[in-house]
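Please look over the sequence and the fold before reading on.

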Amino acid sequence: MEIEGKKILVTGGAGFIGSHLVERFIKENVGEIRVYDNFSTGRRSSIDENKVKIIEGDILDFKKLNSTMKDVDIVSHHAAELEVFTGIENSIHDLKTNIEGTLNVLNSALSNGIKKVIYASSGGVYGQAQYLPEDEKHPLMPHWPYGVSKLAGEKYCLQYYLLHNLATVSLRYGIVYGPREWYGRVLTLFIKRALEGKAPIIFGAGNQMRDYVYIDDAVEANILAIKSETVNGSVFNVGGDSSYSIENVAKIVIELINPNIKPIYDNPEPGESSKYQPNRRRLPGELQDFILDSSQIHKKLGYKPKTNFKDGVKKEIEWIRNNSMFWNYKARV
Ligand SMILES: NC(=O)c1ccc[n+]([C@@H]2O[C@H](COP(=O)([O-])OP(=O)(O)OC[C@H]3O[C@@H](n4cnc5c(N)ncnc54)[C@H](O)[C@@H]3O)[C@@H](O)[C@H]2O)c1
């Protein structure tokens, strides 16, 4: 489906990925953009209010969501509870936001005759890798309640396609990074410490592999999925240009910010805090390796990540240097 001239609703549009999607939709000359967000983590400052209609609301408020979707053509569903620790400690909240919230989006989409729904899923649905890289056929054994609820959302998207012919596509992102990434994940922790002249703290040996996808590439995957008429009901991995070990991530950050720093290695038990950084806890059920096989989305939609990890990190560093308050607000550690 062409995007130009269409009305698009982005749930979670004030968040990291959502706000970049909104920027891209503006460039694509869409007819109207509505952002539906409860601002639990998102920010008004990330959206150009002159070009976007902002509706402050919760995806758990079906009535409001349903009426906000009136006359919309395309829905991009990015609102979610992302915090892995929150999911572990308050699994019902995680379930409500990510499953009930997604069902509200799907039911509103049905009742408003929406032509396309993109669902932001996660590579977290796979759990510990049984083989690498992980393709879409890899067993689904999420490690955390977050992965369970994201997987349920995906399965409901498929059901609504099969039962009601609602055109849905789910995108299983790797670790999306870039300007406006929220503070709390490894790359942001490393960058912030390096900018403060402190050593990045690596948990374990640092040989854990991670799939980083630059924000513009993740956005491009969304655009391709919206435009295609032939992949409805599909699920795609969306990975980055290559995979990197945590040690390598630290080295790149150090090289770009302050080559005199040496990383520190720490080995807290799962769920325990770092002795060097007491407000940082190690995830229980930490993944050893997380590498997505993106060949399906390449084959079906022509997706090819363009941004090399080092260049992307450079852009994120440049952005945070100019927006240093961003990581002090609603930080997730
Ligand atoms: N960032 C990543 O690396 C990554 C990886 C895999 C999947 N995802 C998925 O992508 C989506 C967006 O992630 P993000 O990194 O932009 O996160 P984010 O926290 O920056 O954005 C989420 C947005 O949703 C809003 N929101 C949360 N709960 C809501 C609710 N109940 N009602 C309305 N709005 C609500 C928040 O205020 C925020 O603006 C999520 O669905 C997430 O699961 C992200």
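Which residue of strand 10 is the bridge partner of Tyr-173? The partner is Val-238. The model shown is a predicted one.

**Domains**

- The domain assignment divides the protein chain into domain 1 (7–176 + 214–238) and domain 2 (183–210 + 242–290 + 308–328).
- Between the C-alpha centres of domain 1 and domain 2 there are 27 Å.
- Contact between the domains involves 11 residues of domain 1 and 11 residues of domain 2.
- On the side of domain 1 that touches domain 2, helix 3 (residues 84–89) gives the most, with three residues.
- That side of domain 1 has eight nonpolar residues, three polar residues and no charged residues.

- Seven strands make an open sheet with parallel pairing, in the order 3-2-1-4-5-6-10.
- Strand 3 (53–56) and strand 10 (234–238) are at the edges. Each has a single partner strand, so one side of each lacks a neighbour in the sheet.
- From one strand to the next, the twist averages 20°.
- Four bridges pair strand 4 (residues 74–77) with strand 5 (residues 116–122) in the parallel sense.
- His-77 has Tyr-119 in strand 5 as its bridge partner.
- Helix 5 (residues 145–164) packs on this sheet and touches strand 5, strand 6 (168–173) and strand 10. The direction of helix 5 makes about 155° with that of strand 5.
- Helix 7 (residues 215–227) also packs on the sheet, touching strand 4, strand 5, strand 6 and strand 10. The direction of helix 7 makes about 160° with that of strand 6.

**Strand 10 up close**

- Strand 6 and strand 10 run parallel and are joined by five bridges.
- Strand 10 stands at an edge of the sheet. Yet five of its five residues are buried, so strand 10 is largely enclosed by the rest of the structure.
- What covers the count on each face? Ser-234, Phe-236 and Val-238 are buried on one side of strand 10, and Val-235 and Asn-237 are buried on the other.
- In a regular strand, side chains alternate between the two faces of the sheet.

- Three strands form an open sheet in the order 7-9-11, and the pairing is mixed.
- Strand 7 (175–177) and strand 11 (243–245) are the edge strands. Each has a single partner strand, so one side of each is without a neighbour in the sheet.
- Direction ignored, neighbouring strands here are turned by 45° against each other on average.
- Strand 9 (residues 209–214) pairs with strand 11 in the antiparallel sense, over three bridges.
- Opposite Arg-210 stands Tyr-244 of strand 11.
- Helix 8 (246–257) lies across strand 9 and strand 11, at about 85° to strand 11.

**The largest nonpolar core**

- The largest nonpolar core has 78 residues. Val-75, Val-117, Leu-171 and Phe-190 touch the most other members.
- Helix 6 (residues 186–195) supplies the largest share of this core, six residues.
- Domain 1 and domain 2 each give at least three residues to the core.
- Leaving aside neighbours within four places in sequence, Val-75 contacts Leu-9, Met-69, Val-105, Ala-109, Ile-114 and Val-117.
- In soluble globular proteins, nonpolar side chains tend to be buried together.

**Helix 6 and what follows**

- Eight of the 10 residues of helix 6 are buried, so helix 6 is largely enclosed by the rest of the structure.
- The buried residues are Val-186, Leu-187, Thr-188, Leu-189, Phe-190, Ile-191, Arg-193 and Ala-194.
- These buried residues pack against strand 7, helix 8 and helix 10 (309–322).
- Lys-198 sits in the loop between helix 6 and strand 8 (201–203).
- Is Lys-198 buried or partly exposed? Lys-198 has 15 other C-beta atoms within 10 Å, so it counts as partly exposed; a buried residue would need 20 or more.
- Lys-198 and Leu-151 are 47 residues apart in sequence, and their C-alpha atoms are 37 Å apart in space.

Notes:
Residues are numbered from 1 along each chain as its sequence is written. This is a predicted model: local features need pLDDT of at least 70, side-chain atom pairs count only at pLDDT 80 or more; totals for chains, interfaces and linings use all residues. A nonpolar core is a set of buried Ala, Val, Leu, Ile, Met, Phe, Trp, Tyr and Cys residues joined through C-beta atoms within 7 Å. A residue is buried if 20 or more other C-beta atoms lie within 10 Å of its own, exposed if 12 or fewer, and partly exposed in between; C-beta atoms are placed from the backbone. Helices (H or I, at least four residues) and strands (E, at least two) are DSSP runs, numbered from the N terminus. Domain bounds come from an automatic or database domain assignment. Two residues are in contact if their C-beta atoms, placed from the backbone, lie within 7 Å. Two strands pair if DSSP finds at least two bridges between them. Axes are lines fitted to C-alpha atoms, for helices over the stretch in contact, and angles run from 0 to 180 degrees between N-to-C directions. Ala, Val, Leu, Ile, Met, Phe, Trp, Tyr, Cys and Pro count as nonpolar, Asp, Glu, Lys and Arg as charged, and the others, Gly among them, as polar.
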